[in-house]
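User: Can you walk me through this one? I'd like to go over it piece by piece.

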Amino acid sequence: ALSLNQGTSPRLDVTTAGAVSVSSASGQALSLNQGSDSRVSWDSSGAVTVASESGQALTLNAFDASASTATGGAMRLSAGDGTSTGGAMSLSAGDGSTTGGAMSLS
């Protein structure tokens, strides 16, 4: 096992079984970068951003895509919990100025 700590709090933890945990202190931001570009980040308020390189696909899978019989679990996108005011949600298959890919909602 390997741990990198800030004081006594683990910030990077790798177990002998191969599990990896990365954390930031409460109220602090964290970013996972590719070069100087942030790919996954959250800010001190808890807002989360996942980004791909310009022109590259971003895929979120609710299943093991490598399995020959991949059966997905539920995937939920929510901009509020139905009892309080949520943020805006936009789903698009293009940016409005170029041809986008197909989108299917069912």
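This is a predicted model: local features need pLDDT of at least 70, side-chain atom pairs count only at pLDDT 80 or more; totals for chains, interfaces and linings use all residues.

User: OK, what order do the strands of the open sheet have?

Analyst: S4-S5-S6, three strands with antiparallel pairing. Strands here are DSSP runs (E, at least two residues) numbered from the N terminus, and two of them pair if DSSP finds at least two bridges between them.

User: Which are the edge strands?

Analyst: S4 (30–34) and S6 (48–50), each pairing on one side only.

User: And how many bridges join S5 to S6?

Analyst: Three, with S5 covering residues 37–42. Trp-42 stands opposite Val-48 in S6.

User: Switching to Ser-24, where is it?

Analyst: Ser-24 sits in the loop between strand S3 (20–22) and S4. Its side chain has a polar contact of 3.3 Å with the side chain of Trp-42. By polar contact I mean a pair of N or O atoms within 3.5 Å; within protein, one must be able to donate a hydrogen and the other to accept it, and residues adjacent in sequence count only if both atoms are side-chain atoms. The Ser-24 side chain also reaches the backbone oxygen of Gln-28 at 3.2 Å.

User: Last one: why does Asn-5 count as partly exposed?

Analyst: Because its relative accessibility is 48%. Buried means under 20% relative accessible area and exposed over 50%, with partly exposed in between (1.4 Å probe, protein chains only). Asn-5 is in strand S1 (residues 2–6).

Methods: Residues are numbered from 1 along each chain as its sequence is written. Side-chain values use heavy atoms; hydrogens and water are left out. Helices (H or I, at least four residues) and strands (E, at least two) are DSSP runs, numbered from the N terminus.
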